[in-house]
Amino acid sequence: MNSFHTIIVVVQVLSALTIIGLVLLQHGKGADMGASFGSGASGSLFGATGSSNFLSKFTGVAAVIFFSATLGLAFIGNKPSTPSAGVMENLPASAVPGAAAPAQNAPAAAPETPVVPSGTGQSNQIPK
């Protein structure tokens, strides 16, 4: 599942960079503003934009990919994960410090509980 998450993040970053590049390459609508003051055809400033070109279509495709990857990451991130022991989960029980291997034939003894004085309030602190 972790590799699937990594693949989706890579797809999302690449599509975001593609959208940024394509938007910066496109010819803006405000670039024809000078046409309204007498130079060129002013009908394209507020009129119909006409058919879309390759850059605008490819920007739309990249946007769909970006939003799909975002939705996929939201679904993956919403699932609760099982807690793991981290690096120590692959070690045998005898290699873990503080964990003694149980005796084969000896019965398990109940651990002793320490007696805590009732009036101290700070019984777990190290004395100075």
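Relative accessible area classes a residue as buried under 20%, exposed over 50% and partly exposed in between (1.4 Å probe, protein chains only). The model is predicted, with local features requiring pLDDT of at least 70 and side-chain atom pairs pLDDT 80 or more, whereas totals for chains, interfaces and linings use all residues. Residues are numbered from 1 along each chain as its sequence is written, and side-chain values use heavy atoms, without hydrogens and water.

View A. Rings of Phe, Tyr and Trp (its six-membered ring) pair if their centres lie within 6.5 Å; planes under 30 degrees apart are stacked, over 60 edge-to-face and the rest tilted. By this rule there are two aromatic pairs. Phe 54 and Phe 58 are stacked, because their ring centres are 5.7 Å apart and their planes lie at 10 degrees. Phe 54 is exposed at 61% relative accessible area, and Phe 58 is partly exposed at 38%.

**View B. Aromatic pair Phe 66 and Phe 67.** With centres 5.6 Å apart and planes at 70 degrees, these rings of Phe 66 and Phe 67 are edge-to-face. Phe 66 is partly exposed at 23% relative accessibility; Phe 67 is exposed at 57%.

View C. Gln 12 is buried, at 16% relative accessibility. Not counting residues up to four places away in sequence, Gln 12 touches Phe 66, Ala 69, Thr 70 and Leu 73, where contact means heavy atoms within 4.5 Å. The C-alpha atoms of Gln 12 and Ile 65 are separated by 7.5 Å.
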